[in-house]
Amino acid sequence: MRYYIVIPSHNEEKFMALTLESLVKQTVLPSKVVVVNDNSTDRTAEIVQAFAEEHSWISLVNKTSEAIHLPGSKVIQAFQKGFETVDQNYDLIVKADADLIFPENYFETIIKHFESDEQIGMAGGFAYIEKNGDWILESLTDKDHIRGAFKAYRKNCFEKIGGLKPAMGWDTVDELLCKFYNWKVITDESLKVKHLKPTGANYNQASRYKQGEAFYTLGYGFFITSIASLKLAMRKGKPLLFLDYIKGFWKAKSENKTMLVTPEQAKFVRSYRWKKMKEKLF
């Protein structure tokens, strides 16, 4: 299966070479890797260009946007810029971050999953972060969720869900829509991806309400949002984030923010979330 990778990046000179080196060493190489240099002020573009000169399947795309880092919209707008430069001759499209080290068999294994079942729409491994010299699971999400840092989509599934939404919550709504359209989401615990920069390291103070806004636009409703907010705040070890998330939800509701899902899809999302909660309780 042919797979293309699009990597949004902003000031990633510290990790970019490590990420690209891990892709160069894959047992099944990607057909294309597009790195989108989004307004970097460091050597990101220079590093990517050096790899591109050695590997014809790596290319650099430059994009200019605001320097402010708001989760969701900025990264997906950069992804879209890169995606627009590739042809349609792919079987799998991958959105990846620029601060990862993939194990050498990562994409060979991902391809095997997709080949094993035509109903698999998305697949991915797990993120590990370094702590006190050890690589430990970055356990911010449930184990049936694929981290936004490395999402692999079957072409038909990607097109059915309408691509990626340029908003906070994009890496949740994609999986929910995947399930809405009866595609399967597969995670493989044997695939351990080194995540070199902790999630949210670049988020600024202005983005603290964005998670609650995302819960609103996903159609969660207040009660599910409350449970999800408390769970996420505790996982991050910052209980007071719960209040920011709730404020973000009510702020989005009062402003009548545009939903990421249709009313029918929102109903499915709430039903699915309730089902998952009941499974954990009982």
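Where is E104 found?

1. E104 is found in the loop between β5 (100–101) and α4 (106–116); helices (H or I, at least four residues) and strands (E, at least two) are DSSP runs, numbered from the N terminus. This is a predicted model, in which local features need pLDDT of at least 70, side-chain atom pairs count only at pLDDT 80 or more, and totals for chains, interfaces and linings use all residues. Residues are numbered from 1 along each chain as its sequence is written, and side-chain values use heavy atoms, with hydrogens and water left out.

2. E104 counts as partly exposed because its relative accessibility is 45% (buried is under 20% relative accessible area, exposed over 50%, partly exposed in between; 1.4 Å probe, protein chains only). Leaving aside neighbours within four places in sequence, E104 is in contact with K25, Q26 and T27 (contact: heavy atoms within 4.5 Å).

3. In helix α7 (residues 210–217), seven of the eight residues are buried, among them F215 and Y216. Their cover includes α8 (221–235) and α9 (241–254). Just after α7, G219 takes a positive phi of about 85°.

4. α8 and helix α10 (residues 263–281) pack at an angle of about 50°, their axes 11 Å apart; axes are lines fitted to C-alpha atoms, for helices over the stretch in contact, and angles run from 0 to 180 degrees between N-to-C directions. The contact is made by F223, I224, I227 and K231 of α8 and by R270, R273, W274, M277 and K280 of α10.
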